[in-house]
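Please keep the sequence and the three-dimensional view at hand while reading.

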Amino acid sequence: MSDGFSRVAGPPEPRANSELIGHDEAENIFLDSWGKGRLAHAWLITGPAGIGKATLAFRLARRLLEKNAPQGDPRSVYRRVAAGSHADLFTLERPVDSQTGTRRGEITVEVARKVAPFLHLTPAEAGWRVVVIDGAEKMNRNAANAILKIVEEPPANTVILMTCEGRHKVLPTIRSRCQILALRPLDASLMSSWLCRHRPDLDPKQAMALAQISAGSPGNALRLVDAEGLGIYEEMLSLFANLPCLDTAAAHEFADRISSSRGEDSFRMFLELFASWLVRLIRVIATDDHSVTGLSEEDVLVNRLAARREGLDRWLNLWEKAVRLTAQTESFLLDRKQVLLSLFDCLEGDDPMNCNPNRF
Amino acid sequence: MKLTIEREVLLKSLAHVQSVVERRTTIPILSNVRLDASDGRLRLTATDMNLTVAESVCASVLQAGATTTPAHMLHEIVRKLPEGGEVAFEPTEQVDRIVLRCGDGIFSLSCLPVEDFPADFNAELAHRFTIPAADLRRLIDKTRFAISHEETRYYLNGIYLHPVIEPKPLLRSVATDGHRLAQVDVSLPNGADSIPGVIVHRKAVTEIRKLIDDFDGEIACSLSDTMARLCFDSVNVTTKLIDGKFPDYGRVIPAANDKIMEFDGHGFMNVVDRVSTLATDRTRSVKLSLAPGELEVSAISPESGSASEKLPVLYDSDAMQIGFNARYLLELAGQLDGERISLAMNDAASPSIMRDPDDNHALFVLMPMRV
Amino acid sequence: MAIRVLPTTTVNRIAAGEVIERPASAVKELVENAIDAGARKIEVAMNDGGRTFIAVTDDGYGMNREDLSLAIERHATSKLDSEDLLQIETLGFRGEALPSIASVSRMTVTSRAIDSREAWSIVVEAGEARDTEPAALATGTRVEVRDLFYATPARLKFLKSARSEIQFARDVVSRLAMARSDVGFGLISDGRALVRLDRGGDDMLDPRLARLSAVMGKDFADNSLAIDATREEARLTGYIGLPTLNRATARAQYLFVNGRPVRDRLLLGAVRGAYADVLARDRNPLVALFLDLPPSEVDVNVHPTKAEVRFRDAAMIRALIVGSLRRALADAGHLASTSVGSTMLDAFRPHDMPEKSGPAETLGSMGRSVTQPSYVNPHPQPEHTDAMINPNSLGEELSEPSARDISEYPEANEYPLGAARGQVHGTYIISQTRDGLVIVDQHAAHERLVYERMKSALEQTGVARQGLLIPEVVELSEGGPEHLLARADDLAKLGLIIEPFGPGAVVVREVPALLGEIDIQGLIRDLADDLEEIGEAFGLQESLFHVCATLACHGSVRAGRNLTVPEMNALLRDMETTARSGQCNHGRPTYVELRLADIERLFGRR
C-alpha cells in the first residue's frame, strides 16, 4: 500500500506514508504499553531528520484511531488521517504562510492554542483523541508553554505524539512528562536494499554510498538522490582525493559550478555534504576507529587524513567554520563562490609540505 | 454521479449546511460539501469536524454516486442561478472534476474523493426523545446570551442541558459567564428522564438555533456522553460536546431573597437605557435606589456628569441601594416575555433574581456591581 | 578566631545605620555570623514570626569565654583580619550584629569553642550584659533572641503579621543557602519545618545546582545553563534559566557578590540586557549568579542592609555579565541574531508624546514638534548613525514645511498620529502622518489607555467591582497567597476582592468591572508575582499603579488580534487625547515614528 511512493517523486507526506522501515522496536514499545493498559499520555519520538519520526507518529495515531473506529475499517481511517480530516486527530505543525505558501520557521502560539479547544470537546468516534506535534523543537516559547499546560494535565483518552530531532531541543519540563522513543539510524544494508527497491535506477555501490552519507535516514537519502546529492558527493571526493593538496584550477571550476548555475540547492547540498563528511572524519580521528577501512573512496580518503595525525582542533575549527558560513551565507547573502574557496583554503591548512604554491 | 434537482431545493439545503464550513481552513477537504446521490435522494453533508450538518432532499438520480466539492463556491453559484431553474450534476472524464449545468450555464467544479471526507458521526446514540421545536427554541433563546466567552473556563462555553426530576420532571438549560446565570425549564419529554447532562458548545447552539427558524414540528434528539444529534425532518445535526463538568449552579441561586420589587418591564428598560447613557465606560454601572413604592435609577461618571430617573414600583421592604451593570440588566430584562418583572434581592453584595412573576420556569441570577 | 574591638577610625568609616529592622534582619545577621564561623549546619527556629523567639544554632568554631563577652560590645567583630575595610571577605563585616540585636531584645549567647571542653553562656538584656556562666553545648554557637524590639515598642508596631515576617526570614535563609551549598540550613517556625536543605554531598548533580533547584524549583535545574566566565580578576559562575523559563517578575533573580546576596540595580540591569533579545520585555528570566572578585574591587558598604554594592569598574562587571550570558544563550541555540537591519532600526526613534491636559492643545503642538526621546536604547548605538538620529538636526529640517504633498490622504494631516493604513503581523498598526509614518504596538498602546483610564477612575470614584456568581479558586505557589492577602485592602480598592482559601490558594469574589470577562487565574498568578517582588520598597501609590498596570495588561487588546481600520483609528485618536500614552507602563514606547526624511536617507535619496 505504498501510494505515497507511486504517486509522487519525493518522499511522501508522513501522514500519508504507510511504509515504515527499521523502527519495529519503537513501535512495539508503544503497542506493548498500550496492550498492558499503561499507555503514557505523551510520547516524544526523537531522531535525525528523515528517519521516520512523523511517519511513526501518524502510524501510531492510526493504530489508536482504528481500534475504536465504529466502522472498524482501517482503510477509512488511513484515508482520513492522510487527508487531515479525522475528527479525533489534531496535527500541530509549522503553519503555512498564506502569502508565500511556504511553512513558517516556527510553530506559533496562535496555532498551538488550537490544541486546547480540540481537547475540550468530546471525541467524535467514542475513543481516543490524538494530537500529533510534528517538530516539537519548532515550537516557539509561548507555543511550548501552551503545550506544557496540556501535557501537565492531559484530559482522559488523549495521546500526544511529538516528534523532535533531539530530545534536548524541547523544554525539559515537557520532555520529563513524555515517554521517549528514540529512533535509531537504519543500518547500511537495510538502507541500501530499501533504496534499491524505491530507486531501481541506483546501482548497489551508489546505494551503499548513500546509506553511508545519509546517516541512516531514509528521508535524507531520498532527498540526496532527488537533489543530485550523490553526484555532488562524488565530485567532492574526487576533488579532495589528493588532500592536503588541492588542484587550484579544479577547485575554482568546481566552486564556480556549484555556486552559480544550478542555483542555491546545489550549493546548500554541497555545504551539507561537506559538513557531514567532516563530522565522519572527525569521528574517525577522535575515536581512532578505522573499522571502516577500504570500503569506499571516502574511507580511503578519511583513513589517509586520519593517519596524518594532525590535531583534531583543525578539523573541528573547519567544521565550525563551515556551519557558520552556511548560516551566514543565507542571512547575509555572502558571495557563494568566495565561501567555498575560503573553506577549501582552510582544508589545505598551513601544512609546510603543501605542494601547491599558488594558494588562493 | 448524475442527477437533476430543483434549484430552490438545492439552494435551501446548501444554505443549511454551508454555514458550518470554516472559511479559512488549511485542510482542503474541509472546505467541501459532500454530495451523495442514490434512490431518488441527494444527501448533502458539511462539517468542521466538531459539528456535522446533513440534509437529504428529493432529486432525480440517474446514476448513483458520491463526491465532494467546495461548499461556499457551490452555494454562491446556485444562489446566482436563475430562479425556477433545474440544476444538473454530471460526471466528467476527469475524476477530480464534476460539471454543474443550469440552462445554458456550465460550471466545472473541482472535486476531492469522498473517502477523504470526515466520517459521518453516525454511531447509534443511546438516549432518544423528541422535543417540540418551540420548547427547544425557548431553552436556547433565553440562555445563550449568558454563555461565557472566556476560554480558560471552557466548560462554561456552552449551554448545559439536563433533566430535572424533582419537584417535577423538567428539561432544563443553564448558561453562565460567572457574572449572571440563566436557567430555563420546559416539560420533560418522554424518554429524556435518564439522559446524561450535556454541555452543547456555542457554535452548535448557533447552528441548531438557525435550523429551528425553519421548523415547527417535533425534533428528534439522540444523545450519548460524547455526542448529540438532532433531526429536523430531513436535516440532521450531529455535534461533539464540551468535555467538562458544569459547575453545581444550584448553589449560587439564592433561595431566600426577601426584598422583592415588581415593576413594568418596558418602562424599566427605557429608564435604565436612558440613565446609563451617562455611564460612559464599558461597564455602564447604574445604581438602583429603592424605597417603598419608588425606584430611582442613577448613574454617575467622573467625566460626563450624572443622571437619575424615578419610576413607580411595587416594593414594601426596607430602603436599599444596589448597583448593576446596565448592559446585564437590559439583557436580562430582554429575556422576559411578560409585562411585569420581579427582582428579588437580599443585599447590595449578594446575587439577585430576576424573573417574570407569571413564569415559574425561567429565572435569571445577576451579581451586583459595587463601587 | 579572636573577637576584636574595631578601632574608632574603622568604626567611623562604617556608615551609621540601624541594621536590625525586623526579625528577618536579625536572622540574616546571625546566620551570616554562623557561616563566617565555619558552620557546616545552621538551624534557625522562630516562634510567632520571630517576635517572641529566634534561635540560631551552628556547629562552627565557637567562642571561648573572653570572646563571648567581647562579642556583645558594639563594633566588635571576629571577622576583619585587617583594619582595612577595603578587604572585606566575610559576610557580616560590620561587627555590629550581636550588639545591635542585643540592644533591642533579651539575648542569650551560648558557645563552645572548637578547642575547648566547656561551653559558656552570656545573657544580655536591652544591651546590659550579665556575667558569663558555664553552660552545656556541643561545639558551636547558639544565639537565642527573645522578645525582639521589646525595648523599642515603636518598631514592634511596624512588624507585619507573623506569616509575613516568617516569609521574609524564609527568603533570607533561602538566599544565604543558595550561596553555600556546602552548608546545611534549616528553618523551623512554630515547630513546623519550612526550610530543610541538607549539605550538598553525593548527589549526582552539581551540589550547587542541586541547592539552587531546591530553592528555585526543579524546573530551574532542568532548564538552566551553567555560566563560568572570567574577566580580569572577576569571575562569574552560576546558572541561568533558558529564556523559555520565565516569570512575570524579577524575583527569581538571585545575585551574589563574594557570596553575599545582593539586589543591585547594575547587576539586575545587566541580566536584563543579556536577555533583551530573547525574552519578551514583560517577562523575567530566572538566574542565580555568583560574582567573585577581589575585595578591593567592590565596596559593599554602600547600604547598611548590604543589598547594594559598588564596583570599582562597573562597566567591566556589566560587560562580563552581559557578554557571558549572551554567549551562553547563543550557544544554547536560542538566540536569533538580527543584526541585519540595525541601521534601519536606528533610524526608527521612539517619539515621546508630550503630556497634555486636553485634546485641543495636544493636536496643536504635536505634528511638528520633535522632542528629545526619553526612551533610552539599552543597546549602544553604532557611531556612524549619529547624524541620522540626532533629533535636533532633524528638528531644523522638519521645521520647514514638507515639500511632498500627501493630499491623496488628506486626513493624515489632521492628526498627530496620522491615519491608520493597516495592521501587520496582527500586532502593529502602521499609520501615515503628515511627514512620515508611525508604527504602533497595539497591545502596549491599549494597555496604556486602559491603565490611564483606571488610574483616573481610581482617583475620582473608586473602581466598580463585578461580583462573581461562582467564586474562582486560584491555586498559587507557596508564599503567593500571603503576599496577595497582605495587600487585600489595596486590591479591593482596585476592584479585586480576594479571601484566603485554605493553604496555598485564594478565592476571588469580585473583579474590576472594567475588565469584563477575564482570565482570573492568569490575573491572580501574575499579581502574586508582582506583589511578591514589590514588597515594601515601593510607595503605596506606586504599587497600586503597578497593580493597575498588570490589570490593564490583562484587559488590553492582545497582540495578534486583527483590528479593523476604524478600530485602529479609534485607538490612535484615543492615544492622542490620553496623557502619557507615548510609552507603555514600563516606560517603553507604545509607538515609534519614522520621518520621511529618515526613510529617504535609508533609500539614499538624501
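In the predicted model, Val257(C) has Leu291(C) of β18(C) as its bridge partner. This bridge belongs to a pairing of two strands of chain C, β15 (residues 253-257) and β18 (residues 287-292), which run in the parallel sense and are joined over five bridges. In general, the strands of a sheet pair through backbone hydrogen bonds, in either a parallel or an antiparallel manner.

Both strands belong to an open sheet of five strands, whose order in chain C is β12-β13-β18-β15-β16. The pairing in this sheet is mixed. Its edges are formed by β12 (224-231) and β16 (260-262) of chain C, each of which pairs on one side only. From one strand to the next, the twist averages 20 degrees.

## Two helices of chain C

On the side of α6(C), the contact is made by Ser174(C), Ala177(C) and Met178(C). On the side of α7(C), Arg211(C), Leu212(C) and Val215(C) take part. Sorted by class, the residues of this contact are four nonpolar, one polar and one charged.

## An antiparallel sheet in chain B

Chain B contains an open sheet of five strands in the order β5-β1-β7-β8-β9, and here the pairing is antiparallel. The edge strands are β5 (60-63) and β9 (105-110) of chain B, each pairing on one side only. Neighbouring strands of the sheet are turned against each other by 20 degrees on average, if direction is ignored.

Within this sheet, strand β8(B), residues 97-102, and β9(B) pair in the antiparallel sense over six bridges. Arg97(B) stands opposite Ser110(B) in β9(B). Helix α1 (residues 7-18) of chain B packs on the sheet and touches β1 (2-6), β7 (86-91) and β8 of that chain. The direction of α1(B) makes about 90 degrees with that of β1(B).

## Helix packing in chain B

Helix α1(B) also packs with helix α2 (residues 71-80) of chain B, at an angle of about 145 degrees and with the axes 9 Å apart. The crossing of α1(B) and α2(B) is left-handed.

Which residues of the two helices meet? From α1(B) they are Arg7(B), Leu10(B), Leu11(B), Leu14(B), Ala15(B) and Gln18(B). Their counterparts in α2(B) are Ala71(B), His72(B), Leu74(B), His75(B), Val78(B) and Arg79(B). By class, the contact has seven nonpolar, three polar and two charged residues.

## Backbone details in two loops of chain B

The peptide bond between Glu166(B) and Pro167(B) is cis, with omega of about -5 degrees. Pro167(B) is found in the loop between β11 (158-164) and β12 (170-176) of chain B.

Met49(B) has a phi near 75 degrees, which is a positive value in a residue other than glycine. This residue lies in the loop between β3 (41-47) and β4 (51-58) of chain B.

## Contacts between the chains

Where chains C and B meet, 20 residues of chain C are in contact with 26 residues of chain B. The elements of chain C that give two or more residues to this side are α15 (442-460) and β25 (465-475). Strand β25(C) gives the most, with six residues. The residues on this side of chain C divide into eight nonpolar, eight polar and four charged. Strand β26 of chain B (residues 369-370) and β25(C) pair in the antiparallel sense over two bridges, and Met369(B) stands opposite Gln466(C) in β25(C).

The contact between chains A and B takes 18 residues from chain A and 22 residues from chain B. The side of chain B that touches chain A has 13 nonpolar, five polar and four charged residues.

## Confidence in chain A

The mean pLDDT of chain A is 79, and 86% of its residues reach 70 or more. Over residues 1-9 of chain A the pLDDT is below 50, and this stretch has ten contacts in the model beyond near neighbours in sequence. The pLDDT is also below 50 over residues 352-360 of chain A, a stretch with 13 contacts beyond near neighbours in sequence.

Technical notes
Residues are numbered from 1 along each chain as its sequence is written. Chains are lettered from A and ligands numbered from 1 in the order in which they are written. This is a predicted model: local features need pLDDT of at least 70, side-chain atom pairs count only at pLDDT 80 or more; totals for chains, interfaces and linings use all residues. pLDDT is the predictor's confidence in each residue, from 0 to 100. Two residues are in contact if their C-beta atoms, placed from the backbone, lie within 7 Å. Ala, Val, Leu, Ile, Met, Phe, Trp, Tyr, Cys and Pro count as nonpolar, Asp, Glu, Lys and Arg as charged, and the others, Gly among them, as polar. Helices (H or I, at least four residues) and strands (E, at least two) are DSSP runs, numbered from the N terminus. Two strands pair if DSSP finds at least two bridges between them. Axes are lines fitted to C-alpha atoms, for helices over the stretch in contact, and angles run from 0 to 180 degrees between N-to-C directions. A crossing is left-handed if the near helix is turned anticlockwise from the far one by less than a right angle, and right-handed if clockwise.
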